[in-house]
Amino acid sequence: MNQLINLTQSAINGELEQTVNARELHAFLESKQDFSTWIKNRVEQYDFVENQDFVRFHKKMEANNATMIDYHITLDMAKELSMVERNDKGK
């Protein structure tokens, strides 16, 4: 089976869970929205809970000293986000 998105493990609620990087999922699904708007809207709209469905990591960007937020999401959350995208790749 071909792996479409890299799987990682992240500590969520004290347990190691298989997760995917939400930025990779967003790119794979070819969403037209920018990432930060897309993930914030989906978390709010579908009642995902931090440290249960996803964890956030803050990264300092050296080029412009900005902070980038990465989300590692559970496989269940990734599946639901894919389905609600309503496109062929989401299926």
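1. Axes here are lines fitted to C-alpha atoms, for helices over the stretch in contact, and angles run from 0 to 180 degrees between N-to-C directions. Helices (H or I, at least four residues) and strands (E, at least two) are DSSP runs, numbered from the N terminus. With that in hand, α2 and α3 pack at about 105°, and their axes are 12 Å apart. The two helices are therefore roughly perpendicular to each other. As for the wording, angles under 35 degrees count as roughly parallel, over 145 as roughly antiparallel, 65 to 115 as roughly perpendicular and the rest as oblique.

2. A word on the source: this is a predicted model, in which local features need pLDDT of at least 70 and side-chain atom pairs count only at pLDDT 80 or more, while totals for chains, interfaces and linings use all residues. Residues are numbered from 1 along each chain as its sequence is written, and side-chain values use heavy atoms, with hydrogens and water left out.

3. Which residues join α2 to α3? From α2 come Trp38, Ile39, Arg42 and Val43; from α3 come Met77, Leu81 and Val84. Contact means heavy atoms within 4.5 Å. By class, this contact has six nonpolar, no polar and one charged residues. Ala, Val, Leu, Ile, Met, Phe, Trp, Tyr, Cys and Pro count as nonpolar, Asp, Glu, Lys and Arg as charged, and the others, Gly among them, as polar.

4. Now look at α2 alone, residues 35–45. Its buried residues are Phe35, Trp38, Ile39, Arg42 and Val43. They cover an arc of only 120° around the axis, which puts them on the same side of α2. The arc is that of the directions from the helix axis to the C-beta atoms. Buried means under 20% relative accessible area, exposed over 50%, partly exposed in between (1.4 Å probe, protein chains only). The face turned away from the buried side carries the exposed residues Lys40, Glu44 and Gln45.

5. What do the buried residues of α2 pack against? Their partners are α1 (22–29), β3 (54–60), β4 (67–74) and α3 (75–84).

6. Turn to the pair α1 and α2. Their axes come within 11 Å and cross at roughly 105°. This pair is therefore roughly perpendicular too. On the α1 side, Ala22, Arg23, Leu25, His26 and Leu29 take part; on the α2 side, Phe35, Trp38 and Ile39 do. The residues of this contact divide into six nonpolar, one polar and one charged.

7. The largest nonpolar core has 16 residues. Such a core is a set of buried Ala, Val, Leu, Ile, Met, Phe, Trp, Tyr and Cys residues joined through side-chain atoms within 4.5 Å. Those with the most contacts inside the core are Leu25, Ile39, Ile73, Met77 and Leu81. At least two residues come from each of α1, α2, β4 and α3. α2 gives the most, with four residues.

8. Ile39, leaving aside neighbours within four places in sequence, is in contact with Ala22, Tyr71, Met77 and Leu81. Leu25 sits in helix α1 and is buried, with a relative accessible area of 3%. Not counting residues up to four places away in sequence, Leu25 touches Ile5, Trp38, Ile73, Ala78, Leu81 and Ser82.

9. Which residues of α3 are buried? They are Met77, Ala78, Leu81, Ser82 and Val84. The buried residues of α3 pack against β2, α1, α2, β3 and β4. Take Ser82: its relative accessible area is 12%, so it counts as buried. Beyond residues up to four places away in sequence, Ser82 touches Leu25, Leu29 and Gly90.

10. A strand residue is worth checking too. Asn21 is found in strand β2, residues 15–21. Is Asn21 buried or exposed? At 15% relative accessibility, Asn21 counts as buried. Apart from residues up to four places away in sequence, Asn21 touches Asp70, Tyr71 and His72.

11. Last, the backbone. Glu30 lies in the loop between α1 and α2. Its phi is near 55°, a positive value in a residue other than glycine. Asp47 is found in the loop between α2 and β3, and its phi is also near 55°. Asp47 is exposed, with a relative accessible area of 60%. Just after α3, Arg86 takes a positive phi of about 55°.
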